[in-house]
Amino acid sequence: MKVLLIGSGGREHALAWKMAQSPLCDRMWAAPGNPGVADHAECVDVSPDDTGGLVKLAKDNAIDFVVVGPEDPLANGLTDALRKEGVLCFGPSAEGARIEADKAYAKNLMRAAAVPTAEARIFTDLAVAKAYVLSREHGVAVKAAGLAKGKGVVVCPEPYQAVKPLEEMMQQKLFGEAGETVVVEELLIGQEATVLALCDGRSIYPMEALQDHKPIGDGDTGPNTGGMGAYSPVPILDDDMMGRIEREVLVPIIDGMRRDFGRYEGVLYAGLMFTPGGPKVIEFNCRFGDPECQPLMMRLRSDLLEAMVATAEHKLDRITLDWDPRHAVCVVMSSGGYPGGYSKGFVITGIADAEALGDVKVFHAGTALKDGKLVNAGGRVLGVTALGATTAAAQKLAYQAVDRIHWKDCYCRRDIAAKAIAAS
Ligand code: AMP
């Protein structure tokens, strides 16, 4: 089968690495890919936002199956355009992607489907939003309704702290149109975890649970990023809790979407908070998480490509996923200064040494080749992922690997998975 993968992050490297192991995969292309993806696929310089260019690429190369990694092309209707041309693909329609691309829509859908989630108000007027937060007695989360590369959420433990992000989003247009509408939520207290499920429009198949780390600093301090690390499994998510999430969250939201627009196909990501009142949804995403995908792919023993094709063909009931019982920890190494400004073009060394430790895979995200040398070229640069008998063992190995990798000003959090280790 000829496969085309869309995207250029660590998630896409993990998907490419895993799909390349499938006997079904004869040849793979990636648009645009990255130097890690290039180990498995022919990288073509077409932007994920160029819907027409990607449809042409798929047709010209008689691609059998397209896998869409990131949310923007899904929200732009890439799978709709491909399906119109008869190309099989993995990922929801633009209508399905609204569950992530429009947080106001997602909140209304959750309310209509009785999915447990934080109480929220939706605003398009700055003065009204400010008056509302200042009338609150407790903290709030301020969220740009549109897509903001994972950075459009500001947690404000005191209500007055919400004024600045509201002004930045609604007045200064920090996230452009994405912040013209904001969702202001009550603050939920509890542990977080993510559940991803394959959905074919009829059946759902929940995968192993994960936890990511959004803030840049140790101890969850500093501004939110696209994600600084992740681990799997998650201690709080036992079989009973997974059953509850399936019944209370996944089934009702899929039914709600079916009533609203039809079939949701692809992967659904539920970010959850385990509050004293039970699990509540923080957000839904319409694709694999990045970096959550990296530890997930390390633990997946089954054929990913076969499972994604079965999802796209509405035959998910024929699939069983087998997981490595070992624990996986992924530590993201970023450019110093991220999520603010940072310098690019520093030579990266030590990846082969890190992988020589065994049970370690280094996934590329913001890397590039310059004069034949690998350099940092983005905020999040590498996802150093390790397997171990326990979370503590996986964490130790991941940091041993991290310590073998270097470029000028590289940075990582030093406490990825520490909370899970402390709780076990
Ligand atoms: P999101 O991009 O929606 O996943 O939000 C980023 C992070 O902000 C989450 O991982 C949570 O840690 C935090 N967050 C979002 N919404 C809330 C909320 N209602 N209460 C508490 N924390 C939240």
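The model is a predicted one, in which local features need pLDDT of at least 70, side-chain atom pairs count only at pLDDT 80 or more, and totals for chains, interfaces and linings use all residues. Residues are numbered from 1 along each chain as its sequence is written, and side-chain values use heavy atoms, with hydrogens and water left out.

Let me begin with the interior. A nonpolar core is a set of buried Ala, Val, Leu, Ile, Met, Phe, Trp, Tyr and Cys residues joined through side-chain atoms within 4.5 Å. Buried here means under 20% relative accessible area, while exposed means over 50% and partly exposed lies in between, using a 1.4 Å probe and protein chains only. The largest nonpolar core has 75 residues, and those touching the most other members are V66, I99, I253, L268, F284, L382 and I405. Helix α9, residues 239-260, gives this core its largest share, 8 residues. Helices (H or I, at least four residues) and strands (E, at least two) are DSSP runs, numbered from the N terminus. A second, separate core holds 42 residues, including L15, M207, V267 and L296.

What does I99 touch, not counting residues up to four places away in sequence? Its partners are Y105, A106, L109, I253, M257, Y264, L268, F284 and C286, where contact means heavy atoms within 4.5 Å.

I turn now to helix packing. Two packed helices are described by the angle between their axes and the distance between the axes. Axes are lines fitted to C-alpha atoms, for helices over the stretch in contact, and angles run from 0 to 180 degrees between N-to-C directions. Angles under 35 degrees count as roughly parallel, over 145 as roughly antiparallel, 65 to 115 as roughly perpendicular and the rest as oblique.

In the pair formed by α7 (residues 126-134) and α8 (residues 163-170), the angle is about 165 degrees and the axes are 10 Å apart. These two helices are therefore roughly antiparallel to each other. On the α7 side, L126, A129, K130, V133 and L134 meet V163, L166, E167 and M170 of α8.

The other pair is α1 (residues 10-19) with α11 (residues 304-312), packed at about 100 degrees with axes 8 Å apart. That angle makes α1 roughly perpendicular to α11. Here L15, K18 and M19 of α1 contact L304, L305 and M308 of α11. L15 is also one of the residues in the second core.

Next comes the backbone. Most residues other than glycine have a negative phi, and most peptide bonds are trans.

D371 lies in the loop between β20 (367-370) and β21 (373-376) and is exposed, at 76% relative accessible area. D409 is in the loop between α13 (391-402) and β23 (410-411) and is partly exposed, at 44%.

Finally, is G226 buried or exposed? G226 is buried, with a relative accessible area of 12%, in the loop between β14 (221-224) and β15. Y338 is among the residues that G226 touches.
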